[in-house]
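Look the structure over before reading on.

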Amino acid sequence: MACQSVAAVMDEQALLGLNPNADARYRQRAMVYFEQLKESQDAWEVCAEALAKGIYNDDHVKFFCFQVLEHQIKFRHAGLSAAQQQLIRETLMKWLQCQLMNAHPEKPFIRNKAAQVFALTFVMEYLTLWPKFFFDILSLVGLNPHGVDIYLRTLMAIDAEVVDRDILHSPEVRLWETRRNTLIKDGMREQCIPHLVESWFQILQTYQHSHPELTCQCLEVVGAFVSWIDLNLIANDRFVNLLLSQMSVEELREEACDCLFEIVNKGMDPVDKTKLVESLCQVLQSAGFFNVEQEEDVDFLAKFSRLVNGMGQSLVLSWTKLAKTGNVKDTAEALQAVESKVPLLLQLLVHEDDDISANVVGFCYEYLHVLKQGPLSSCSGDTQPSSADLPQLTDQQKTNIEAIMLAVMKKLTYDDEYNFENEGEDEAMFVEYRKQLKMLLDRLAQVSPELLLEAVRRVFTNTMQSWQTAPFMEVEVAIRLLYMMGEALPASHGAHFTGDTAKTSALQDMMRTLVSCGVSSYQHSSVSLEFFETVVRYDKFFIVEPQHIPNVLMAFLDQRGLRHNSPKVRSRVAYLFSRFVKTLHKHMNAFVEDILTRIQDLLELAPPENGFPALLTSDDQLFMFETAGILIVNGDSPVERKQALMRSLLLPLLDAFRLLLAKLPQETEEERKAVLADCLSHAVGFASRTSKAFSNKQTVKQCGCTEVYRDCLQTFLPALSCPVQRGVLRSSVRSFLHRMIICLEEEVLPFIPAASEHMLKDCEAKDLQEFIPLISQITAKFKRQVSPFLQQVFMPLVLAIFEVLARPAEENDQAAALEKQMLRRSYFTFIQTITGSGMNEVMANQGAENIERVVFTIIQGAVDFPDPVAQKTCFIILSKLVELWGGKDGMVGFPDFIYKHIVPACFLAPLKPTFDLSDAQTVLTLSECAVTLKMIHLKRGPEFIQFLQQEYLPSLQVSPEISQELCQVVQQPDVKVLKNYIKAFFQRAKL
């Protein structure tokens with residue numbers, strides 16, 4: 001009868017929707033039903049009954065019932081009656097009892113969900129309603145395998161709830177949960193942990209042969225709980241011997257390794273930790289685990305190497321702690337324990353599997369740190385020796401260091417499978433692993449720079465002597481090691497070839513060999529890249545030995561570099577060549593024209609019609625144009641020759657630009673228009689990049705290049721009025737104008753009015769936002785020279801901004817809202833630039849109506865928009881306007897404006913609910929607000945104080961005492977006093 005009554009109560013149609021293959025209508029109905037059961041006071045009880053009596057065989061229905069129960073416990077437990085809470089406990093225990101009798105266990109996803117519900121119930125009730133939670137479960141399940149499985153899953157779920165909290169909550173919830181979890185752990189330690197540990201021992205012993213999966217689960221539980229329970233319960237002969245015996249069982253040893261790792265990682269007294277690790281190692285060694293080369297199972301070795309790393313790092317930590325105490329005997333024993341693990345460390349470090357090797361990098365790094373400090377040098381404190389004061393190493397330590405060096409060098413080597421043309425996940429992992437090895441190399445250099453340099457020199461010299469017959473990976477790693485010395489043995493500003501003679505001569509010898517042995521011709525992209533990277537890292541070598549420059553230049557320019565068959569190499573070499581030329585251009589005067597001739601075809605604008613892929617991408621070409629510019633500008637040719645060379649570099653770009661610009665409006669296909677516009681943009685970008693060669697010492701004017709850049713401007717500016725692809729074209733021409741303002745100085749001024757007129761036509765928010773910095777740059781650079789132009793362009797620009805800001809936008813269009821916010825900020829910045837550049841007349845000559853309109857927008861920006869960045873700018877402007885126009889001889893009518901609008905703004909803005917005084921940016925705004933009040937007092941004197949005391953502050957219901965206090969502070973000479981006071985004033989006002 002019970003079954004029928006429940007079946008009648010549960011919505012069978014809705015339950016059909018739980019099947020993942022059910023149609024959408026049923027699935028929707030199931031969702032609605034789930035919500036009903038969750039929110040009902042007692043309807044969920046049918047789910048409890050269904051679970052307790054095992055009414056449904058469908059897995060999805062069972063899972064559903066557990067979900068409903070989970071919701072009640074998690075979110076509604078406190079509101080349940082005592083009878084309902086008892087019902088949940090009984091349901092769980094009855095369900096568990098059923099599991100003991102079932103021939104087959106439930107599916108893992110149901111067991112996991114059940115374990116979660118058990119764990120949630122435990123967390124809610126252990127401290128109050130169900131202190132015998134574990135005793136009840138253990139007495140019920142005994143050593144029944146199905147029951148033990150649920151028990152272990154429950155323990156892992158409890159660990160997830162109480163210990164391993166990765167879920168992010170608010171600080172208040174986190175604090176409450178932390179307190180609750182601490183109470184639970186304390187209660188468990190007092191009442192049941194010894195019993196739990198005993199149960200784990202029994203499970204491990206009973207099932208290690210018959211049920212390896214249960215044994216592994218139990219080992220995982222021990223590993224999870226060991227971090228917060230009494231370690232003596234686990235780290236004893238009985239338990240550890242059992243774990244060590246399981247290290248020899250193939251199905252168990254990976255989990256046993258992880259469990260031992262957690263035990264070793266547990267914080268404890270350094271002497272005890274050393275003894276524990278040593279005893280573990282003794283057993284592991286005698287069982288043959290240290291014979292790594294005889295082990296074929298890489299999955300086990302990955303776990304074992306992690307364990308060795310944990311043991312090694314624990315011993316180093318013990319040594320560090322003991323060294324600080326000054327206990328020489330114990331410190332020496334800890335060091336001996338560390339050193340005795342180095343042979344095992346080395347076996348794992350050189351293992352062909354990179355994951356196994358990577359697992360012990362941490363221990364290796366810390367061992368080297370011990371050597372860097374010196375065996376007992378830390379006894380006196382934490383001081384670190386300088387490179388001139390490196391510790392004396394024993395012969396064994398030197399041997400260890402050399403072995404680590406050789407291991408690192410070997411492991412840095414690429415393997416045959418590395419795919420250079422199509423790098424995927426495996427390649428990315430090897431690159432990351434190489435970074436770890438580089439850390440070891442850097443640390444080796446700190447411990448013994450001489451040994452490292454000698455080892456690198458030996459490997460490098462031997463490889464370079466036979467590079468023609470050596471595999472690519474050996475050649476690459478030999479050059480790579482030389483490259484890595486640049487960071488491992490640092491030098492100020494790359495000056496590797498001055499100072500310490502031993503280091504200098506070794507590096508100099510290796511560089512001489514590198515550039516003269518012919519290895520640049522090696523036919524593998526990795527070797528080519530490493531060659532050029534190293535040449536550029538040590539570019540100062542060529543200042544010492546400039547005779548090698550011609551050979552290296554040829555390598556850059558021919559099929560070894562810029563014309564290599566790999567696009568990746570060509571691209572990187574374009575960048576490296578520009579760096580090489582920047583450093584060494586003074587030594588290249590004799591080759592300038594030869595280089596320009598050789599790279600001429602690489603400086604051509606790739607025409608969109610051409611179906612052939614160009615040797616270099618447009619981004620690579622930017623570096624080539626910059627390089628060409630540097631060679632021309634810094635060469636020792638006469639001015640006329642520089643002018644001619646620059647003209648021959650830029651004229652082909654200008655001719656191509658004119659042709660393409662004429663074609664663009666006639667194109668009909670959108671894709672084709674975009675291609676043409678990109679090509680035009682590249683032409684402008686290339687011309688712009690050549691100008692980076694100029695400096696204060698070598699200006700455009702001094703090099704006779706003014707005219708050719710003016711020609712560029714005349715050619716590029718018509719693109720601003722092109723009716724198609726406006727965004728791309730305007731952006732590139734605007735960038736060019738920015739460069740020309742710097743390079744051409746006042747020569748650029750005649751081009752600005754027409755350019756501005758075109759850029760203000762048919763504007764979008766983004767156009768204006770990018771145009772304003774250009775005007776600001778002109779204003780800041782030329783000041784009074786551009787005053788007439790600014791007076792002319794001021795209102796058209798302001799009106800264009802107003803028009804764009806006034807355009808309606810969708811309420812939820814966040815992109816449009818952000819664009820408007822950024823434009824508003826740009827507008828205020830523009831006004832700030834104008835007012836701050838000493839050109840009072842630009843705004844003053846706009847007519848009273850326009851001035852008023854603009855200043856009202858500043859008041860609005862200061863008060864109405866909750867954007868502290870813009871508000872701060874607005875108060876800076878208001879302060880400046882008061883300074884300019886607020887005095888006796890200021891603008892007519894402005895004092896009235898101060899009292900009617902600016903003073904209220906200084907109070908209304910901070911009183912807004914959106915004005916957050918705990919936000920750093922807002923506090924800066926408040927500072928500027930204080931400065932504005934101070935400036936008003938400076939300009940208006942006692943009249944302002946009288947206005948505040950008698951009119952304005954009373955209108956805000958400020959008491960006479962506070963009002964008088966504020967006025968006294970305003971009159972203090974130091975504005976800091978006002979800034980501090982005003983913050984407290986508004987904090988009080990907002991309470």
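What follows covers the largest pocket, then the largest cavity.

This is a predicted model. The largest pocket holds about 550 Å³ of space. The largest cavity holds about 30 Å³.

**The largest pocket**
- The lining of the largest pocket is made up of 25 residues.
- Nearest the centre of this pocket lie Tyr414, Arg434, Glu476, Arg480 and Glu530.
- Four helices each give at least two residues to the pocket lining: α22 (425-447), α24 (472-488), α26 (525-537) and α29 (567-584).
- The largest share comes from α26, which supplies six residues.
- Sorted by class, the pocket lining has 13 charged, nine nonpolar and three polar residues.

**The largest cavity**
- The count of cavities of 30 Å³ or more comes to one.
- The residues that line the largest cavity are Ile834, Thr835, Met839, Asn840, Met843, Leu881, Leu884 and Trp885.
- Helices α39 (814-836), α40 (840-844) and α42 (868-885) each provide at least two residues of the cavity lining.
- The most comes from α42, with three residues.
- Six residues of the cavity lining are nonpolar and two are polar.
- The cavity lining has no charged residues.

**The two linings side by side**
- Helix α26 gives the largest share of the pocket lining, while α42 gives the most to the cavity lining.

Notes
Residues are numbered from 1 along each chain as its sequence is written. This is a predicted model: local features need pLDDT of at least 70, side-chain atom pairs count only at pLDDT 80 or more; totals for chains, interfaces and linings use all residues. Side-chain values use heavy atoms; hydrogens and water are left out. On a 1 Å grid over the protein atoms alone, a cavity is a set of points where a 1.4 Å probe fits but cannot get out, and a pocket is an open set with protein on both sides within 12 Å along at least five of seven lines; lining residues have an atom within 4 Å of a point. Grid points are joined across faces, edges and corners, and a volume is the space filled by probe spheres set on the points. Ala, Val, Leu, Ile, Met, Phe, Trp, Tyr, Cys and Pro count as nonpolar, Asp, Glu, Lys and Arg as charged, and the others, Gly among them, as polar.
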